[in-house]
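I opened my notebook to look through this structure one element at a time. Here is what I looked up, in the order in which I went.

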Amino acid sequence: MAKMTATQLTITIPDGAHPGSVLNIPLRGREAVQVRVPLGCGPGSTLVLTQQEGSDDWIEEVVAPEEHSAMSAGGLSASGRRLPS
């Protein structure tokens, strides 16, 4: 059975972005991803977006601050990586 891969983005919500705000996340070599800030999230919150290979949909997960303390609050930070699934 062939392994599927996924693309994962870790995003820190920037200052001024509140629930309902739409963020435009540029991706190298691809169309930008638009993300609506979920209820209960705001500046400094961390979102993890995952897209399975061959899918157009992104799965969104809110990461608790203690789970992702390495991210700096306040600036838009997006890092992407491909994951085997």
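**Entry 1: strand 4.** I began with strand 4 and found it mostly covered, with six of its seven residues buried. For me, buried means under 20% relative accessible area, exposed means over 50%, and partly exposed is in between, with a 1.4 Å probe and protein chains only. Strands here are DSSP runs of E with at least two residues, helices are runs of H or I with at least four, and both are numbered from the N terminus.

Before going on, I noted that this is a predicted model, where local features need pLDDT of at least 70, side-chain atom pairs count only at pLDDT 80 or more, and totals for chains, interfaces and linings use all residues. Residues are numbered from 1 along each chain as its sequence is written, and side-chain values use heavy atoms, leaving out hydrogens and water.

**Entry 2: the neighbours of strand 4.** I looked up the pairing next; two strands pair if DSSP finds at least two bridges between them. Strand 4 pairs with strand 1 in the antiparallel sense, over seven bridges. In that pairing, I11 has L47 of strand 4 as its bridge partner. Strand 4 also runs antiparallel to strand 5 (residues 59-63), and five bridges join these two. There I found V48 opposite E61 of strand 5. Strand 4 and strand 5 make a hairpin with six residues between them, and G54 in its turn has a positive phi of about 85 degrees.

**Entry 3: two residues of strand 1.** Is Q8 buried or exposed? Q8 lies in strand 1 and counts as buried, because its relative accessibility is 12%. I then checked its side chain, which is joined to that of T50 by a polar contact of 3.4 Å. A polar contact is a pair of N or O atoms within 3.5 Å; within protein, one must be able to donate a hydrogen and the other to accept it, and residues adjacent in sequence count only if both atoms are side-chain atoms.

A6 is found in strand 1 too, and at 3% relative accessibility A6 counts as buried. E53 is 47 residues from A6 along the chain, yet their C-alpha atoms are separated by 5.2 Å. E53 has its place in the loop between strand 4 and strand 5, and E53 counts as partly exposed, because its relative accessibility is 43%.

**Entry 4: the core.** The largest nonpolar core has 13 residues, and I25, V33 and V35 touch the most other members. Strand 1 (5-12), strand 2 (22-27), strand 3 (30-36) and strand 4 (46-52) each supply at least two of its residues. The largest share, three residues, comes from strand 2. Such a core is a set of buried Ala, Val, Leu, Ile, Met, Phe, Trp, Tyr and Cys residues joined through side-chain atoms within 4.5 Å.

**Entry 5: a loop residue.** D15 is in the loop between strand 1 and strand 2. D15 counts as exposed, because its relative accessible area is 57%. Its C-alpha atom is separated by 10.0 Å from that of S45, 30 residues apart along the chain.

**Entry 6: the whole chain and its confidence.** I counted zero helices and six strands, and 33% of the 85 residues count as buried. Mean pLDDT, the predictor's confidence in each residue from 0 to 100, is 79, and 73% of residues reach 70 or more. Where is confidence lowest? Strand 6 (residues 77-84) has the lowest mean, 50, and strand 4 the highest, 93. I also noted that pLDDT stays under 50 over residues 69-77.

Key
Contact = heavy atoms within 4.5 Å.
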